[in-house]
Amino acid sequence: MVSIADILAEHKDRDGPLLPILHDVQKAFGHVSEDSMREIANALNLTRAEVYGVVSFYHDFRKEAEARPVLKLCRAEACKARGVEALVPIADNQSRVKVEAIYCLGLCAVGPSAMVGDKVYARLDDVKFKTLLEAM
Amino acid sequence: MTVRISDDAVAIACGADEVAAAFLAAGVAVERVSSWGMQWLEPLVDIDGIGYGPVSVDQVPDIINGKATSLGRIAEHTFIVNQSRLTFARAGKTRPLSLDDYYASEGWLGLAKAREMGAQATIDTVMASGLRGRGGAGFPAGIKWQTVARADADQKYIVCNADEGDSATFADRMVMEGDPFLLIEGMAIAGFAVGADKGYVYIRSEYPQAIAKMEAAIKLSAYLVAPFVVEVRVGAGAYVCGEETSLLNSLEGKRGEVRAKPPLPALEGLFGKPTIVNNVLTLAAVPWILTHGGDAYAAYGAGRSKGTMPIQIAGNVKHGGLYEVAFGITLAELVNDIGGGTASGRPVRCVQVGGPLGAYIPPTQFHLPLDYEAFAAADALVGHAGITVFDDTVDMAQMARFAMEFCAVESCGKCTPCRLGSTRGVETLDQIIAGKNVEENLALIADLSETMKFGSLCALGGFTPYPVMSAIKHFPEDFR
């Protein structure tokens, strides 16, 4: 199991290392905890408030872990034009998967689109979207 | 027989990996290449130049047995033949991470030319090309480079803005996933020209395939661009980091808050050092310019918008994808002729050009040529040249509300007009949609838009009024 100290050591020679560190912590632990923020702040000679300010600014970093699997559904203009809003009630009618809005996956001519982890899905319709949710 | 299938994110999202696996399972060799950019045909299968698509796994046996109907020669497809692909010359043709393919298709010639002619001549060539920043602002690249070159400092940086967050834009993603060495070469030329030995590519986290390709390409080509060093930095889901000063703060490990200008990043940028911040498409245009000359590039285009623009046709459109062409093409050609109208078959109601901060444009203005000045004169913006097509089922009051909501979600919080104005905008539009004091509230929105437009620090708050006010102006019936 990787530790915060390992992650800090890996990035110690980088300029402006905070975001790469937070990405690694988020990836390893599923969130950035108060304790890890304290440890990172100490190592980088920052205040805890500064680290907290960065963690809370960016959508990618969570302060608490999400227990459910997460699907990111693109709800930007191009996917709206292709009918993503009609899929939203399907997401709302279940609670097993956490469905989050994301603004643009760059798949704008083949939407509606979604991302699970690093995997991307396009041309979603009712059936495909339900199947995708059920398979998670 | 070898089949060529794209491995870019669109192809994969449409099932290209499964199709490739089916060919492999049938004993057919598969080469993964970049995408031609005809996204309605993905997964597109290319066998000796003949195309099939969109292909599903169950069609694979018929294709192998020669029983499937083909699209004909891909390179002669009507979508492809009328393009002027300078930046996307390799699209569909090369393996993204093959140095051999890159060398065989004019790769590294621009960098060699730059090193041969020297730094100042390189800047002069970019100046002569008339290349303007492709991220949206349209600032002349040559002038920015000259400013950084003349700045006196012990360290300078090249920062590539690959935080392509606008809806309907995917050209940056296609460069990084399909032709990553091109971007590295462009950055190396910039570094050589201004005396910077370090470059950062700031890629949004929503693009994992692009991140992986760029990291692999940087390793493979490190010895070719040395002493210039390139590093990938990954964004963290903040749209505002596409704004250059916010991006610099993010790279430094801070909240992605916008900085007041001056000082210009060209003089005090990353870590306070002179920095070129250029969009992916700006840097990716540079190798062609160096190889073929600034005048050859400037021969394309119209007025003060020189060269070609990789236009992205998206949304509810029949033939969506990447269309690189000289500036000056009209929206009517792009939407009706090339795009083929809507995918739903219903009438086109409007397009939004330039992402979530771009104006909504009705068909009565489709005569507008794609040109920075012509768009500005019509209260619209070219931006990153993404076009979202909407059919007649769109509710423009909801789209105006979404523009304000998006601004509220993504505001960095530094300036008041953007931070508070966007939320008040959502509330006021909600009242209008509910039919409460419509005329008074519309007047309030117009006033609020003025304040946001002129009082915001950056384009997020400053340009959100464009989609809102254009929706109200061109589609008043949706608000009353």
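Predicted model: local features only at pLDDT ≥ 70, side-chain atom pairs only at ≥ 80, totals over all residues.
**Domains, chain A.** I started with the domain assignment of chain A, which gives domain 1 (4-57) and domain 2 (70-135); such bounds come from an automatic or database domain assignment. Taken over C-alpha atoms, the centres of domain 1 and domain 2 of chain A are 31 Å apart.

**Ground rules.** Residues are numbered from 1 along each chain as its sequence is written, while chains are lettered from A and ligands numbered from 1 in the order in which they are written.

**Confidence.** I looked up the scores next. The complex gets an ipTM of 0.97 and a pTM of 0.97 from the predictor. Chain B has a mean pLDDT of 97, with 100% of its residues at 70 or more; pLDDT is the predictor's confidence in each residue, from 0 to 100.

**Strand E6, chain B.** I went to strand E6 (residues 157-162) of chain B and found six of its six residues buried. Buried here means 20 or more other C-beta atoms within 10 Å of the residue's own (exposed is 12 or fewer, partly exposed in between; C-beta atoms are placed from the backbone). Strands are DSSP runs of at least two residues, numbered from the N terminus. B:Tyr157, B:Val159 and B:Asn161 cover one side of E6(B), and B:Ile158, B:Cys160 and B:Ala162 the other.

Then I checked its partners, where pairing takes at least two DSSP bridges between two strands. E6(B) runs parallel to strand E7 (residues 198-203) of chain B over six bridges, with B:Tyr157 opposite B:Lys198. E6(B) also runs parallel to E9(B), joined by five bridges; there B:Val159 has B:Val277 as its bridge partner.

**B:Ile276.** Still in E9, I picked B:Ile276, which sits in that strand (residues 275-279) of chain B. Why does B:Ile276 count as buried? Because B:Ile276 has 28 C-beta neighbours inside 10 Å. B:Val81, 195 residues apart from B:Ile276 along the chain, has its C-alpha atom 35 Å from that of B:Ile276.

**The other sheet.** Last, I traced an open, mixed sheet of five strands in chain B, ordered E13-E12-E16-E14-E15. Its edge strands are E13 (321-326) and E15 (360-361), each pairing on one side only. Strand E12 (residues 308-315) and strand E16 (residues 386-391) of chain B are parallel over four bridges, and B:Ile313 stands opposite B:Ile387 in E16(B).
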